[in-house]
Amino acid sequence: MTPHEITILTHLLLLFQHLLPLTLSLLQPPHNPPMHVPTLVPHTPTPLTRSRFSAEAQLDFITHCNYSCFHRGEQEEPREQLMDKLAFETLYADGFRTLTMVEVEDDGGDALHLTHPPSWRRTRVKHRRMKRQIYGADGRFNIQGDDFLLDYPFSTAVRISTGCTGVLVSQQHVLTAAHCVHDGKDYVHGARKLRVGFLIPPSINGTKTGLIPNKKPLVRWVRVKRTRVPKGWIQGPQEVSMDFDYALLELRWPHRRPFMRLWVAPSSDDLAGNRIHFSGFDSDRPGELVYRFCPVEEESSDLIYQHCDARPGASGSGVYGRVWDNALERWERKVIGIFSGHQWLEIDGENRDYNVAVRITPLKFAQICYWVHGNRLDCTPD
């Protein structure tokens, strides 16, 4: 297939994706009760020593999990341990750190657990492995041209200076993977002067794309003012800490682009088409924004297992799906997870490999929402 044919196919696919809401509007909406979200009550921050920034960024994040690991989130966890994982570190641009412990007011709800507990589906997925994180034929699409690079939702994807991807979730905040800025013991070297990159199409920068073929978009970098990482990620076994592989970056100045709203991840059965989507800066396609979508294969209380093709550099991408918005009475794209990496899963003696996203649970929603808004009033998903 020629490059021109690939470009036409890509544009047709993206056009289909934009027409999909019209098709979805004809579908019967799910009859789900409003999701209860607890309230996060932070304690006074405790000063910590300055970060040494001694770690190296690990863009190729791989973990292993067995049956007990997969079903860990369904078990009742002591409240003290849960609160300890929801505590968080705040890193400032000068290297100063604080630790904030939290309490959770649940108001008698059941937000500490999944509304729909997952089950192992016991379906054998047949695929030919080409290379790790690519399943069979490569199903990724390069996003090219001003019409798409500046079009929502592709315009919400941003680069992280440590080599990862992030997604805009407010006018001043970017959600990404924790391992892009912290290795579990210390912040990575590149987090000392962490920046977020916004793609600028060549034509907007004064370059006529018609005169210079295959001209790459430029990047406008913005410094990060502060970074927040959950304590569940810090100094925990990787198969456990992967559940908390997310971080929030606050920019020094607000941007003017549209952003994606956060949402509590529903059961995959309540996602339109059972599909997830994300766009990232995969390392094997430098300078390009790469989009992909695929069905959810499995899900645990904290993770979404799927076979969306991805390579290092896509970590931190905002995983979104079309969920039913009760307030707007329509299907809407919402960020329901963060692409983390790769996991080998052993269940009943059977080994399977998946690409994995961290799902936004009610507690994680409350935590990230507090990081964004700094209050309890705006932290409800409806």
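1. Let's start with Cys294. With a relative accessible area of 7%, Cys294 is buried, because anything under 20% counts that way. Keep in mind that this is a predicted model.

2. What does Cys294 pair with? Cys294 and Cys308 form a disulfide, and their sulfur atoms sit 2.0 Å apart. The link of Cys294 and Cys308 is left-handed, with -100° about the S-S bond. Cys294 belongs to strand β17 (residues 289-299), while Cys308 is in the loop between β18 (303-306) and β19 (318-325), so this pair ties together parts that are 14 residues apart in sequence.

3. How many disulfides does the structure hold? There are 2, and the other pair to look at is Cys164 with Cys180, which form a disulfide with their sulfur atoms 2.1 Å apart. As a reminder, a disulfide is a covalent bond between the sulfur atoms of two cysteines.

4. Where do Cys164 and Cys180 lie? Both are in loops: Cys164 in the one between β10 (157-160) and β11 (165-168), Cys180 in the one between β12 (173-176) and β13 (195-200). The pair therefore ties together parts that are 16 residues apart in sequence.

5. Cys164 and Cys180 are both buried.

Terms used:
Residues numbered from 1 in each chain as written. Predicted model: local features only at pLDDT ≥ 70, side-chain atom pairs only at ≥ 80, totals over all residues. Heavy atoms only, no water. Disulfide = S-S within 2.5 Å. Helix = DSSP H or I, 4+ residues; strand = E, 2+ residues; numbered from the N terminus. Buried < 20%, exposed > 50% of the residue type's maximum accessible area, 1.4 Å probe, protein only.
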